[in-house]
Amino acid sequence: MSAPDQLLVVIDAVARRNDGESVRIAKDVLCAGARAKICLPDTPAEFARALARRGSRRPVVIGDDRALLRAVALLHRERELADGALSLVPVGPRGAVELAGALGVPLGAVPAARAVLDGAARTLDLLVDDSDGVVVRGLRIPAGPAGLSVVEPPSVWDTCRSLVRTLVRPAPSVAAIRPATRTHRLRVEADGRLLSDLDDPVEGVTVLSRDGVAEVVVRPRAAGPVRVEATAVTVSGPSFRYRADALVTGPVWTRTWTLRPSAWSLTLPVG
């Protein structure tokens, strides 16, 4: 049996705990089609050790988006991400495997496992930041949902007063009850070109790696979106948090992301 037919199957602890049936099905399909060594790490450290000891075996992760990102980050840190294709069988709630679906991985246990056995490696881009962190697909600032404001829960007295006002006043318009959009003072540069400065607050910034470029969108408060393509993006300003794929990072005061085209490979269905 050739090396590509030998698999190291790392089953994430969260997947085993939350959906043991899907894990069992995926494991059965993989073991029926290839010689597979099964690893059941309980901690991130054990997860890392399992990947590090894979030898010539092809790594397969059974788990959600966070498990995939952990594997990519570990292999990148060891400078082994480009050595061979990574494979994934997504297991988890729909919201926890959105990244896998966006990358083209089937979301069912059986089709995903079959893609591991019969698929082909597809090279993908990567965003690497100045702290050696990685972004597989995209990031956004701020980290949380845009346009939501925090409201203190009303007291009983507040509820009574609100009821009285409702009885004696006409209902407010839709525009009047729409939540205010928060803005952020950020300096955004793409390949050295200034897109936004601290004196021009923005509602948000997104960066998406696609087809060898980083697509940058800046949404100023008082103007239409600014869209550019770049290979390096720097954001700085008062401390901010950002969401990189499924993970929230921060607070930071400045961060630069650099695009690395075709930096890694993921096994995907053929056709």
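View 1. Asp130 counts as partly exposed, because its relative accessibility is 48% (buried means under 20% relative accessible area, exposed over 50%, partly exposed in between; 1.4 Å probe, protein chains only). The model is predicted: local features need pLDDT of at least 70, side-chain atom pairs count only at pLDDT 80 or more, and totals for chains, interfaces and linings use all residues. Residues are numbered from 1 along each chain as its sequence is written, and side-chain values use heavy atoms, with hydrogens and water left out. The side chain of Asp130 meets that of Arg255 in a salt bridge, 3.1 Å from N to O (a side-chain nitrogen of Lys or Arg within 4 Å of a carboxyl oxygen of Asp or Glu). This pair links distant parts of the chain, 125 residues apart: Arg255 is in strand S14, Asp130 in the loop between strand S5 (120-129) and strand S6 (134-135). Helices (H or I, at least four residues) and strands (E, at least two) are DSSP runs, numbered from the N terminus. Arg255 is buried, at 12% relative accessible area.

**View 2. The salt bridge of Asp42 and Arg16.** The structure holds ten salt bridges. In one, the side chains of Asp42 and Arg16 meet at 2.6 Å, N to O. Asp42 lies in the loop between strand S2 (35-39) and helix H3 (44-52) and Arg16 in helix H1, so the pair ties together parts 26 residues apart in sequence. Asp42 is exposed, at 54% relative accessibility. Arg16 is partly exposed, at 24%.

**View 3. Charged residues of helix H2.** Glu21 forms a salt bridge with Arg24, with the closest N and O atoms 2.7 Å apart. Both residues lie in helix H2, three residues apart, about one turn of the helix. Glu21, Arg24 and Asp28 are linked in a network of salt bridges. Glu21 is partly exposed at 44% relative accessibility. Arg24 is also partly exposed, with a relative accessible area of 39%.

**View 4. The buried residues of helix H2.** Ser22, Val23, Ala26 and Leu30 are the buried residues of H2. They cover an arc of only 100 degrees around the axis, which puts them on the same side of H2 (the arc is that of the directions from the helix axis to the C-beta atoms). They pack against strand S1 (6-11), helix H1 (13-18), strand S3 (58-63), strand S4 (87-90) and helix H6 (109-118) (contact means heavy atoms within 4.5 Å).

**View 5. The surroundings of Pro269.** Pro269 is found in the segment after strand S14 (247-268). Leaving aside neighbours within four places in sequence, Pro269 is in contact with Gly104, Pro106, Ala115 and Gly119.
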